[in-house]
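The following note records points for a colleague's review of the fold.

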Amino acid sequence: MSSGTELAEAEEYTMNGGDSTYSYHKNSRFQRAATDVAKATIEKAIMEKLDIRRFSPAPTTFQIADLGCSVGPNTFVAVQNILEAVRRKYVTQGLSSQMPDFLVLFNDHASNDFNTLFASLPPDRQYYAAGVPGSFHGRVFPDASLHVAHSAHALPWLRKLPEELLDANSPAYNKGRVYYISAPSQVLDAYAAQFAKDTAMFLSARGKEVVSGGIMVLLLPGRANGIAHSCVLSDVMFDLLGACLMDMAKEGKTNEALVDSFNAPVYTPSPEEMTAITERNGCFSIETMDLTPFNAKVDGSAAAHACTMHVRAGMEGLIGKHFGSEIVNELFDRFFEKAKESSDRISSAFLHGCQLVVVLKRK
């Protein structure tokens, strides 16, 4: 590793590992729906925008990275979609004789459950595989080594929480809440500024790692320009989580000071925000910046259950570390009940729900 390599310090937020009832492996249906919806867009981007004739010399190994891969199985679906599209691109370009080997680089924090990830690798895969631990907010790959970079639903997780959220003297002090819905505007502004800074670091690192003519695909929960965060499904779920924690604090089942010092480290951006951040970076041209419908609608208690399992798979480790594991079961029992009571709000969020599909090309 060269002395000029920039490594990023970041909090490690890992999904529930293993293959148990509450694991991410078994509770990532929303992310799978996002991958399925984006398949056609990714295929089109590779066929029309990936400039394989620009790669010089022609690569003998074509490298694909999935950043924030977690533990599967969605990463394998995304990778297979990309690989099939790239192979088809070589064939349609009359370059079958130059078809390279494929190496897929699975990246996530060092604390990610790579054992579960690699134990479930598809046995019939047509690629070599390697794990690359480290925060994607800094450098994790060599210069100009990636031909396609992909990241699904990982970029919204902040590198760290804004310090002012915990400063009692700051107008952004987020007392009595764990998220920015219903909070003063300064709290939302702090989240937005942190997301912009973190995403700028992400793009700066990828600008050095993706080859000229290569592409990067980003999938993330999004909201239409000008739409309130209170209409976004992921934001609604975190708001309900905060309400459950405050209820438990009022009943003496957890400490209110612990609630005051806890904030969900996730932000939902708009296309306008992502466009501005990308244009400031300058390394990539924006080929696609689309909001697509959220294709995972469920109703009633099924929606409440799906939301509960989704949030638990992503947040249980963080909550257990901060509050103690003894509150986890009751917390998510309460979350399920509150989600059922809020069925109209959740159904509305499903209707307004969408994901942001971003395709960038390295200049």
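1. Among the contacts in the protein with a separation of 6 or more, 83% join residues 24 or more positions apart. The model under review is predicted. It holds 10 helices and 7 strands, and 55% of its 363 residues count as buried.

2. The strands form an open sheet of 7 strands with mixed pairing, in the order E3-E2-E1-E4-E5-E7-E6. Strand E3 (128-133) and strand E6 (284-293) are the edge strands, each pairing on one side only. On average, and with direction ignored, neighbouring strands of this sheet are turned by 15° against each other.

3. Is strand E1 (residues 61-67) enclosed or open to the outside? Of its 7 residues, 6 are buried, that is, under 20% relative accessible area, so E1 is largely enclosed by the rest of the structure. In the sheet order, E1 stands between E2 and E4.

4. The pairing of E1 with strand E2 (residues 101-108) is parallel and runs over 7 bridges. Thr 61 has Asp 101 in E2 as its bridge partner, and Ile 64 stands opposite Val 104 of E2.

5. Ala 65 stands opposite Ala 149 in E4. In a regular strand the side chains alternate between the two faces of the sheet.

6. Two helices that lie across the sheet deserve a joint reading. Helix H4 (residues 185-209) lies across E1, E4, strand E5 (210-222), E6 and strand E7 (354-362), and runs at about 155° to E5. Helix H7 (residues 271-281) lies across E5, E6 and E7, and its direction is at about 170° to E6.

7. How do H4 and H7 pack, and at what angle? Their axes are 10 Å apart and meet at an angle of about 45°. The crossing in which H4 passes H7 is right-handed. On the H4 side the contact is made by Ala 192, Phe 195, Ala 196, Thr 199, Ala 200, Leu 203 and Ser 204. On the H7 side the contributors are Glu 273, Met 274, Ile 277, Thr 278, Arg 280 and Asn 281.

8. The last point concerns Leu 95, whose place is in the loop between H2 and E2. When residues up to four places away in sequence are not counted, Leu 95 touches Ile 52, Arg 53 and Tyr 90. Leu 95 and Ile 52 are 43 residues apart in sequence, while their C-alpha to C-alpha distance in space is 9.6 Å.

Definitions and conventions
Residues are numbered from 1 along each chain as its sequence is written. This is a predicted model: local features need pLDDT of at least 70, side-chain atom pairs count only at pLDDT 80 or more; totals for chains, interfaces and linings use all residues. Side-chain values use heavy atoms; hydrogens and water are left out. Buried means under 20% relative accessible area, exposed over 50%, partly exposed in between (1.4 Å probe, protein chains only). Helices (H or I, at least four residues) and strands (E, at least two) are DSSP runs, numbered from the N terminus. Two strands pair if DSSP finds at least two bridges between them. Axes are lines fitted to C-alpha atoms, for helices over the stretch in contact, and angles run from 0 to 180 degrees between N-to-C directions. A crossing is left-handed if the near helix is turned anticlockwise from the far one by less than a right angle, and right-handed if clockwise. Contact means heavy atoms within 4.5 Å.
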